Amino acid sequence: MVKAIVGANWGDEGKGKITDMLGQESDIIVRFQGGSNAGHTIINKYGKFALHLLPSGVFYEHTTCIIGNGVALNIPYLFEEVKSLTDRGVPEPKLLVSDRAQIMMPYHILFDQYEEERLGGKSFGSTKSGIAPFYSDKYAKIGFQVSELFDEESLKEKVERVCEAKNVILEHMYHKPLINTEELYNTLIEYREMVKPYVCDVSAYLYEAIKEGKNILLEGQLGALKDPDFGIYPMVTSSSTLAAYGAIGAGIAPYEIKEIIAVAKAYSSAVGAGEFVSEIFGEEADELRKRGGDGGEFGATTGRPRRMGWFDAVATRYGCRMQGATQVALTVLDVLGYLKELPVCVGYEVDGVVTKDFPTTVKLAKAKPVYVNLPGWNQEIRGITKYEELPENCRKYIEFIEKEIGVPVTMVSNGPGRDEIIYR
């Protein structure tokens with residue numbers, strides 16, 4: 001059976017913990033899109049980890065972890081990440097890499113930095129991990145597939161052809177040093193030797209695994225509102241963050257995905273630029289940021305302070321719809337115990353009209369939040385393991401959110417640890 005775990009919001013919803021938790025009953029975990037530009041924070045018996053490229057099931061010895069064809073594969077980064085785990089006592093993960101995955105080239109990272117520098121105050125708030133240049137090249141058909149590393153003659157010819165075009169841009173647009181084709185070719189040969197033991201026809205592997213009735217988990221990066229088609233374009237990522245893309249990014253049939261767990265925070269947070277209707281500022285935001293997450297709300301990859309806001313039912317309902325969520329995992333609920341009152345954004349006012357639909361970015365820029373205030377529970381809820389033992393106002397908050405988004409909340413996370421979860 002195939003399940004997908006995806007974000008209902010802007011990313012940073014706590015998917016890593018939920019994937020790590022559900023990894024216990026999974027045979028295979030697949031990362032199906034994105035690259036090392038965002039991270040999943042996981043706390044377990046080995047300690048606290050921020051994973052970037054590796055699937056969040058790497059801490060279990062019974063799981064096979066897969067880098068799917070939809071991923072932006074930074075090869076040296078992947079193996080540095082594996083080493084960072086084994087250095088801390090985690091058993092070496094069983095890892096497979098799709099032969100159709102495309103390679104993050106060293107120049108992608110440079111182009112990302114150069115473009116943000118060129119745009120100055122109008123930049124996209126990129127993590128400068130090379131993601132936009134990588135996906136641009138993939139769809140311009142000048143990217144490098146893992147499989148291409150194994151044909152030296154055609155690889156050499158392609159490196160020369162691609163670098164010719166890249167060097168024109170480096171020289172005349174960015175005024176930066178040119179790429180040395182021989183050095184780049186040698187780097188790719190090094191990459192080949194690193195990745196060689198793990199390369200696999202992942203689509204064929206998963207086809208057989210599905211036939212055998214294996215439990216497969218598809219793990220998405222970021223959230224629905226960062227999707228290039230349905231998110232807050234252009235302040236989005238460059239790969240589809242939707243569960244539907246999980247079928248493509250892993251190489252399986254779409255009808256195989258039977259359950260979609262959308263992860264949503266009990267409040268809102270976002271990293272990077274873009275429209276964020278329920279955003280809060282000043283002391284109110286600082287207090288929530290300081291208490292949030294598992295040690296403050298800061299990006300797992302960048303360390304950037306996250307932008308903070310109240311729960312946005314409009315954005316979350318839309319995110320769940322675009323993900324096709326069959327259930328919702330609500331995270332970091334324990335953080336809100338200090339508040340006497342909890343605002344929930346239930347509508348947007350755009351040009352004097354209140355809507356419950358999530359609009360396109362042009363209208364989103366004009367949207368003002370419409371709030372309903374709910375009473376807080378004003379106490380610590382960590383350590384509670386049964387739903388009925390939660391304070392009444394806490395249960396009312398969850399049930400209000402559930403009604404607003406129209407998808408059952410089946411899991412409530414009340415702490416960062418693997419076992420700090422309440423099933424409903």
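Predicted model: local features only at pLDDT ≥ 70, side-chain atom pairs only at ≥ 80, totals over all residues.
**View 1. Ile 28, a buried residue of strand S2**. Welcome to the first stop: Ile 28 belongs to strand S2, which covers residues 28-31. Its relative accessibility is 2%, so Ile 28 counts as buried. With neighbours within four places in sequence left aside, the contacts of Ile 28 include Thr 64 and Ile 66. Others among them are Tyr 205, Leu 206, Ala 209, Asn 215, Ile 216 and Leu 217.

**View 2. Gln 221 and Leu 222 in strand S10**. Strand S10 runs over residues 216-223 and holds Gln 221. Gln 221 counts as buried because its relative accessibility is 0%. Do follow its side chain: one of its polar atoms lies 2.9 Å from the backbone oxygen of Gly 35. Leu 222 also lies in strand S10, and it has a positive phi of about 60° although it is not a glycine. With a relative accessible area of 14%, Leu 222 is buried.

**View 3. The largest nonpolar core**. This core has 42 residues, and Leu 78, Leu 95 and Phe 144 touch the most other members. At least two core residues come from each of strand S4 (47-51), strand S5 (64-67), helix H2 (75-86), strand S7 (94-98), H3, H5 and H6. Zoom in on Leu 78: beyond its neighbours within four places in sequence, this residue is in contact with Leu 53, Leu 54, Ile 67, Leu 73, Leu 95 and Val 97. Another core, of 39 residues, lies apart from this one and has Ala 262, Ala 264, Tyr 267 and Ile 401 among its members. As background, nonpolar side chains tend to be buried together in soluble globular proteins.

**View 4. Helix H5 and its packing partners**. Helix H5 spans residues 152-174, and its buried residues include Leu 155, Val 159, Val 162, Cys 163 and Leu 170. Lys 158, Lys 166, Asn 167 and Tyr 174 are also among the buried residues of H5. The buried residues of H5 pack against helix H3 (106-119), helix H4 (131-139) and helix H6 (181-195). Just after H5 comes His 175, with a positive phi of about 55°.

**View 5. Where H3 crosses H4**. The two axes come within 7 Å and cross at roughly 120°. That angle makes H3 oblique to H4, and the crossing is right-handed. On the H3 side, the contact is made by Tyr 107, His 108, Phe 111 and Asp 112. H4 contributes Ile 131, Pro 133, Phe 134 and Asp 137.

**View 6. Two loop residues, Lys 141 and Pro 234**. Lys 141 sits in the loop between H4 and H5. It has a positive phi of about 65° although it is not a glycine. Is Lys 141 buried or exposed? With a relative accessible area of 67%, Lys 141 is exposed. Pro 234 lies in the loop between S10 and helix H8 (243-250). Check the peptide bond from Tyr 233 to Pro 234, which is cis, with omega near 10°.

Note on methods
Residues numbered from 1 in each chain as written. Heavy atoms only, no water. Buried < 20%, exposed > 50% of the residue type's maximum accessible area, 1.4 Å probe, protein only. Helix = DSSP H or I, 4+ residues; strand = E, 2+ residues; numbered from the N terminus. Contact = heavy atoms within 4.5 Å. Polar contact = N/O pair within 3.5 Å; in protein donor to acceptor, adjacent residues only side chain to side chain. Core = buried A, V, L, I, M, F, W, Y, C linked by side-chain atoms within 4.5 Å. Axes fitted to C-alpha atoms, helices over the stretch in contact; angles between N-to-C directions. Parallel < 35°, antiparallel > 145°, perpendicular 65-115°, else oblique. Left-handed = near helix turned anticlockwise from the far one by under 90°.
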